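Grab a pencil and work through the exercises below one at a time. Try each task yourself before you read its solution.

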Amino acid sequence: MRTHLRFDYDKRKDTRKSFSDRRIPVQCETVGHHFTAILNNVSSSGVFIETDQVVGMGQEIAMGWDFPDSGNSVMATGEVVRSEAAGLGICIKIFFNNCSS
């Protein structure tokens, strides 16, 4: 069951970059569950992913995605802080850049 919360978008502390028109797949993993979502927007402190998967508030999630234009890969861990019909808001705990030597 989805929790519908009113979210005050004006209180965000970081600027977000929208990718809603790009359809960038995000590989997601929670305890015992793996699924693919779509990256909607990203900031230095969080992401919103489009998915119909139900993930509980406070649940930890690992994610990975590639930015097609730059070829950069990103991996991150975070906590689900918002759940709505359109997807999940995730507060990023750690960003990992995929660096090659």
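A residue is buried when its relative accessible area is under 20%, exposed when that area is over 50%, and partly exposed in between (1.4 Å probe, protein chains only). Before you start, know that this is a predicted model, where local features need pLDDT of at least 70 and side-chain atom pairs count only at pLDDT 80 or more, while totals for chains, interfaces and linings use all residues. Residues are numbered from 1 along each chain as its sequence is written, and side-chain values use heavy atoms, with hydrogens and water left out.

**Exercise 1. The overall layout**

Task: Work out how many helices and strands the protein chain has, and what share of its residues is buried.

Solution: 
- Step 1: Helices (H or I, at least four residues) and strands (E, at least two) are DSSP runs, numbered from the N terminus.
- Step 2: Go through the chain with that rule and you get zero helices and seven strands. Read from the N terminus, the order is β-β-β-β-β-β-β.
- Step 3: Now for burial: 39% of the 101 residues in the protein chain are buried.
- Step 4: The chain exposes about 6,400 Å², and 50% of that comes from carbon and sulfur atoms.

**Exercise 2. Salt bridges**

Task: Find how many salt bridges the structure holds, then look at some of them in detail.

Solution: 
- Step 1: The rule asks for a side-chain nitrogen of Lys or Arg within 4 Å of a carboxyl oxygen of Asp or Glu. The count is five.
- Step 2: One of them joins Arg22 and Asp69, whose closest N and O atoms are 3.4 Å apart. Arg22 sits in the loop between β1 (17-18) and β2, and Asp69 in the loop between β5 (60-66) and β6 (73-84), so the pair ties together parts 47 residues apart in sequence.
- Step 3: Check the accessibility of both ends. Arg22, at 34%, is partly exposed, while Asp69, at 68%, is exposed.
- Step 4: Glu50 and Arg23 also form a salt bridge, with the closest N and O atoms 3.0 Å apart. This pair links distant parts of the chain, with Glu50 in strand β4 (residues 46-50) and Arg23 in the loop between β1 and β2, 27 residues apart. Glu50 is partly exposed, at a relative accessible area of 22%.
- Step 5: Next, Glu79 meets Lys93 at 3.9 Å, N to O. Glu79 is in strand β6 and Lys93 in strand β7 (residues 87-97), 14 residues apart. Through shared partners, salt bridges join Glu60, Glu79 and Lys93 into one network.

**Exercise 3. Aromatic rings**

Task: Find how many aromatic pairs there are and what geometry each has.

Solution: 
- Step 1: Rings of Phe, Tyr and Trp (its six-membered ring) pair if their centres lie within 6.5 Å; planes under 30 degrees apart are stacked, over 60 edge-to-face, and the rest tilted. That gives two pairs.
- Step 2: Phe19 and Phe67 have ring centres 5.3 Å apart and planes at 40°, so this pair is tilted.
- Step 3: Trp65 and Phe67 have centres 6.2 Å apart and planes at 85°, so they are edge-to-face.
- Step 4: Put together, Phe19, Trp65 and Phe67 form one aromatic cluster.

Definitions and conventions. Areas by Shrake-Rupley, 256 points an atom, 1.4 Å probe, with all protein chains shown as cover.
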